[in-house]
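Have a look at the structure first, then read on.

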Amino acid sequence: MADHTPSPDLLRTITEGASNFRDLGGLKARDGRRVRAGAVYRSDHLARLTAEGARALPALPVRVSADFRGVQERAATPYAIEGVRVLPLSVEPSVFRRLNAFMQDGAVPSTEQTVGMMCETYRDFVTEHAATFGRLLRHLASHDDPLVFHCTAGKDRTGYAAALLLSVLGVERDTILDDYLLTNRLYRRDPGAEGHGPAHVMNVLWQVQPAFLHAAFDEIDQRHGGVQRYLQGPAGLSATELQALRERLLAG
């Protein structure tokens, strides 16, 4: 896979319509190589792209959009971008199921309880959706076309997917966490996509915290013995595919 150094003008045009959009390229792996520029992007949903942004995305040239949103989320904010194929990878947002169950009798969760629900959601990513996240990695291992992956806010399902990918590529966890936390600076909240609830609850749901990602990594490490075993187990990738992923996405 060749490096496609993204044009700053194209990136600026896209981020005027999509927030939390960024290239994973340039992050350093333990072996001294770096993630290729212009190969993999992460974002929030793409339904708010302007006409200029929709033209800029395939000009990067992004050819595939991997969409982690659930069925109802996709129906509420659909998009179609000429020259970009959508790869649906549905992961239903289980935190809202937990929240609704908690609030059925009029109870309101505390901030700490809401954080706990988010941590459980990240454990769900590991235990219930390993094969779905594995499909993204398998696609990247076998296709050269630049890709963007996203969910609704580009923070939880997307953040976990980015963490898995960067782990495969040998990026240190501190660096992975730093990239993950950039969401709190880059994401512009979309009231139309977020729903409504108590302010302290929504502030937890629409930001990221180290505890969320730590919960996922702890589940991977304690239950599966580390990322490599997890990916070759529940996520369904072979050692050959993981090596192909590294060779395609690392440079230098």
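H7 and H8 make a right-handed crossing, where right-handed means that the near helix is turned clockwise from the far one by less than a right angle, and left-handed that it is turned anticlockwise. Before going further, some housekeeping: this is a predicted model, so local features need pLDDT of at least 70 and side-chain atom pairs count only at pLDDT 80 or more, while totals for chains, interfaces and linings use all residues. Residues are numbered from 1 along each chain as its sequence is written, and side-chain values use heavy atoms, with hydrogens and water left out.

The labels come from DSSP runs numbered from the N terminus: helices are H or I with at least four residues, strands are E with at least two.

**Helix pairs**

Back to that crossing. The axes of H7 and H8 (residues 173–181) come within 10 Å and cross at roughly 155 degrees. That makes H7 roughly antiparallel to H8. Axes are lines fitted to C-alpha atoms, for helices over the stretch in contact, and angles run from 0 to 180 degrees between N-to-C directions.

Which residues do the touching? On the H7 side they are Gly159, Ala163, Leu166 and Ser167, and on the H8 side Ile176, Asp179 and Tyr180. Sorted by class, the contact of H7 with H8 has four nonpolar, two polar and one charged residues. Contact here means heavy atoms within 4.5 Å. As for classes, Ala, Val, Leu, Ile, Met, Phe, Trp, Tyr, Cys and Pro count as nonpolar, Asp, Glu, Lys and Arg as charged, and the others, Gly among them, as polar.

H7 (residues 157–168) also packs on H12 (residues 210–224), at an angle of about 50 degrees and with the axes 11 Å apart. H7 and H12 are therefore oblique to each other, and their crossing is right-handed. Tyr160, Ala163, Leu164 and Ser167 from H7 meet Leu213, Ala216, Phe217 and Ile220 from H12. That contact has seven nonpolar residues, one polar and no charged ones.

From H6, Leu137, Arg138, Leu140, Ala141 and Ser142 meet Glu241, Ala244, Leu245, Arg248 and Leu249 in H14. By class, this contact has six nonpolar, one polar and three charged residues.

Here are the pairs in one place.

| Pair | Angle | Axis separation |
|---|---|---|
| H7 and H8 | roughly 155 degrees | within 10 Å |
| H7 and H12 | about 50 degrees | 11 Å |

H12 has 15 residues and should span 21 Å at 1.5 Å a residue; its end C-alpha atoms are 21 Å apart, which agrees. The expected span is 1.5 Å times one less than the number of residues. Its buried residues are Phe212, Leu213, Ala215, Ala216, Phe217, Glu219 and Ile220, and they pack against H5 (111–128), H7, H8, H11 (199–205) and H13 (227–232). Buried means under 20% relative accessible area, exposed over 50%, and partly exposed in between (1.4 Å probe, protein chains only). Just after H12, Gly225 takes a positive phi of about 80 degrees.

H6, with 13 residues, reaches 18 Å from its first C-alpha to its last, close to the 18 Å expected at 1.5 Å a residue. His139 is found in H6 (residues 130–142). His139 is buried, with a relative accessible area of 8%. Leaving aside neighbours within four places in sequence, His139 is in contact with Val64, Arg85, Leu87 and Leu147.

Most residues other than glycine have a negative phi, and most peptide bonds are trans. Asn20, though, has a positive phi near 65 degrees. Asn20 sits in the loop between H1 (8–15) and S1 (22–23) and counts as buried at 2% relative accessibility.

A cis peptide bond joins Leu60 and Pro61, with omega about 20 degrees. Pro61 lies in the loop between H2 and S4 (64–67).

Definitions and conventions. Parallel < 35°, antiparallel > 145°, perpendicular 65-115°, else oblique.
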